Amino acid sequence: MKGFCEKCRDYVPVKTQTTEATKTIKGVNIEYNKKVAHCEYCNEEVFIADLRDENLKVLENAYRKKENIISVDDIEKILIDYNIGKRPLSKLLGWGDVTLSRYLNGDIPSKAYSNILNKLKEDPSYMLEFLESNGDSIKEIAYSKCLEATKKQIEQRKILESNGNDKINIVTKYILMKSKDITPLALQKLLYYTQSFYVAFYNKFIFSDDCEAWIHGPVYSNVYHKYKNFGYSFIECKEDFINTDLSTDEINIIEVVVNSFGCYSGKVLEAMTHSERPWQLTRSGLKENAPSNKIIEKSLIKEYYDKIIKKYTMINVIDIRDYCEDLFKKVC
Ligand SMILES: [Zn+2]
């Protein structure tokens with residue numbers, strides 16, 4: 001990378017480094033990892049437009065995460081799920097015509113507007129309420145398309161719930177689809193790391209289930225019972241699985257976890273989770289081989305992995321790999 005050094009008065013090669021920085025956005029202090037470039041010759045700081053853009057992105061993501069502001073991807077998903085355009089939806093919500101266009105172009109929604117969008121994303125019956133109360137604010141054709149899609153969403157969710165196909169099962173199926181040879185023991189650890197890093201990066205849990213601090217590490221008992229017949233063999237998964245319910249963020253985390261942790265055996269993964277505080281703390285006072293179904297509290301998981309992503313200055317989810325490699329060295 002090259003840039004113009006004011007001191008050398010020339011285009012010079014630069015070296016970049018990451019520093020911790022704080023900035024205030026809308027009255028909220030945001031800590032983030034900022035990249036800066038320095039002249040290779042005189043060490044003067046050098047301005048690089050690409051780095052500034054990258055830093056702004058990182059800062060904005062840190063803000064969205066801290067304030068739980070909906071992402072652009074999720075707004076796009078709302079439009080697709082409810083088969084509605086950005087203008088009609090803005091009108092339906094009683095907002096300015098171009099509000100959603102601005103958000104889709106990267107403007108950050110206010111907390112109040114973001115909460116409404118988050119709720120729409122989670123709950124189609126909330127969309128139905130807007131259609132019922134404010135449906136005449138949009139064109140007949142847009143209204144009927146959206147109504148049809150909303151009813152479909154409500155139906156789909158009912159089916160998912162009644163099948164026991166809740167979020168953890170969807171995540172499990174996705175992990176199984178992405179892994180070649182995986183035992184029930186390894187599956188549990190991949191679920192655990194998916195949950196842990198998802199909350200650390202996005203400030204919310206990917207599924208609501210709690211895991212228990214069993215002898216061989218954290219276990220989601222429902223999933224355990226579903227696959228326990230495979231014992232120490234690889235899980236054979238005959239079901240076809242087409243993902244329609246995971247967001248891009250969710251998929252990114254699962255794939256990085258599968259690609260970095262998934263290459264280790266269940267036993268190695270067990271040793272990894274044994275070396276970490278959430279499992280250790282939950283089992284404190286228990287003998288090594290004492291059965292326990294104590295819950296590893298979600299707050300403990302969040303707190304621990306928040307610290308890990310700070311400690312490893314993780315900026316992108318791909319950086320989870322560094323932690324995984326370190327953990328492997330530690331336990332082997
Ligand atoms: Zn210089």
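Select β3 and β4: the two strands form a hairpin with five residues between them. Asn43 sits in this turn, with a positive phi of about 70°. Strands here are DSSP runs of E with at least two residues, and helices are runs of H or I with at least four, numbered from the N terminus.

This is a predicted model: local features need pLDDT of at least 70, side-chain atom pairs count only at pLDDT 80 or more, and totals for chains, interfaces and linings use all residues. Residues are numbered from 1 along each chain as its sequence is written.

β4 covers residues 45-46 and runs antiparallel to β3, joined by two bridges. Strands count as paired if DSSP finds at least two bridges between them. Now pick Ala37. Opposite stands Val46 in β4.

Next, select residues 10-25, strand β2, and residues 28-39, strand β3. They pair in the antiparallel sense over twelve bridges. Click Lys15: its bridge partner in β3 is His38. Then go to the turn. β2 and β3 form a hairpin with two residues between them. Lys26 in that turn has a positive phi of about 45°.

Zoom out to the whole protein. Look for 15 helices and seven strands. The C-alpha atoms fill a box of roughly 65 × 60 × 35 Å along the principal axes.

Last, colour by burial. Of the 332 residues, 27% are buried, meaning that 20 or more other C-beta atoms, placed from the backbone, lie within 10 Å of a residue's own.

Notes:
Buried ≥ 20, exposed ≤ 12 C-beta atoms within 10 Å, placed from the backbone.
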